[in-house]
Amino acid sequence: MEPSTDGTPDASLGTVACVLTGASRGLGRSLALALAPRVRGPGSIFLLLARSEEALAGLAGELRALSPGLEVRWEASDLGTEEGLRRAERAARELPRGQERLLLVNNAGSVGDVSKYFIDFTDPANVNSYLAFNVTSPLCLTSAVLGAFPKSPGLHRVVVNISSLCALEPFKSFTLYCTGKAARDMMFRVLALEQPDVRVLNYAPGPLDTDMHQLVGTTCVDSDLRLTFQNRKNNGTLLDCKVSAEKCVNLLLDDTFQSGAHIDFYDL
């Protein structure tokens, strides 16, 4: 998509109500910054969800500058807790209606404890805590948002799940992460089947230069995988979050993907 002569992108998503989780850093932040110039400011609203209120407030100012007239709200909450999830759901229900498009991006997630192999997970509380944040919260939040923005004439509803190659392939020491990502992919494929009017995308953004990647490179119990992550960082082969975010936004603009499909950065 080429920019116009005044520097703004030509292609537009129209007026949008966008709910974005994990918005304060990494891919989530890049997605917010990539989306803002693609919406029609007056009438559009972003709801940013993450744990850091300071980071969300700073991002909100940047988004308003990118899209004049854009309303930006945020809710600092921990989606891994029932209280935090309920606050996020309440904030979504309080959003104004009347936009041309609903866009929900389930980006928030964690890699889990990669210092353990499968046989080392013996504490149900730790596993349940991981699943609450990475599986339960996107399921319940998506249900709440779609309920708040029901099917109606003129409303194009889109749900994006930030996926991973780990949803398709197993990796040593990634017991929790692979399980969570695989569950999320299937969960959203079911949504696509049940709700044909909702466009659903499982987008795998590729190996990103993020804190999560750094964590694996320093704490992964599997020496081969740990070395792979270290080499990616040292060799400069990690993807910039901005580049992957732009590809995701272009997928949404093209809107030709099969609903429920798993699409990887390298497929494009």
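A word on the ground rules. What you see is a predicted model, in which local features need pLDDT of at least 70 and side-chain atom pairs count only at pLDDT 80 or more, while totals for chains, interfaces and linings use all residues. Numbering runs from 1 along each chain as its sequence is written, and side-chain values use heavy atoms, with hydrogens and water left out. Helices (H or I, at least four residues) and strands (E, at least two) are DSSP runs, numbered from the N terminus.

Back to H4. This helix covers residues 124–148, 25 residues in total, and spans 33 Å from its first C-alpha to its last, close to the 36 Å expected at 1.5 Å a residue. (The expected span is 1.5 Å times one less than the number of residues.) At its start, a side-chain oxygen of Asp-123 comes to within 3.0 Å of the backbone nitrogen of Ala-125. Several H4 residues are buried, including Tyr-130, Phe-133 and Leu-141. Buried means under 20% relative accessible area, exposed over 50%, and partly exposed in between (1.4 Å probe, protein chains only).

Setting aside neighbours within four places in sequence, Glu-89 is in contact (heavy atoms within 4.5 Å) with Cys-140, Leu-141 and Ala-144.

Now for H1 (residues 26–35) and H2 (residues 53–66): their axes come within 9 Å and cross at roughly 25°. These axes are lines fitted to C-alpha atoms over the stretch in contact, with angles running from 0 to 180 degrees between N-to-C directions. H1 and H2 are therefore roughly parallel, a label for angles under 35 degrees. On the H1 side, Arg-29, Ala-32 and Leu-33 make the contact, meeting Leu-59, Glu-62, Leu-63 and Leu-66 of H2. H1 is mostly covered, with seven of its ten residues buried.

Most residues other than glycine have a negative phi. Ser-173, in the loop between E5 and helix H5 (175–194), has a positive phi of about 75°. Asp-255, in the loop between H8 and strand E7 (261–264), has a positive phi of about 55°.

Here is how covered three of these residues are:

| Residue | Relative accessible area | State |
|---|---|---|
| Glu-89 | 3% | buried |
| Ser-173 | 4% | buried |
| Asp-255 | 25% | partly exposed |

Notes
A polar contact is a pair of N or O atoms within 3.5 Å; within protein, one must be able to donate a hydrogen and the other to accept it, and residues adjacent in sequence count only if both atoms are side-chain atoms. Angles under 35 degrees count as roughly parallel, over 145 as roughly antiparallel, 65 to 115 as roughly perpendicular and the rest as oblique.
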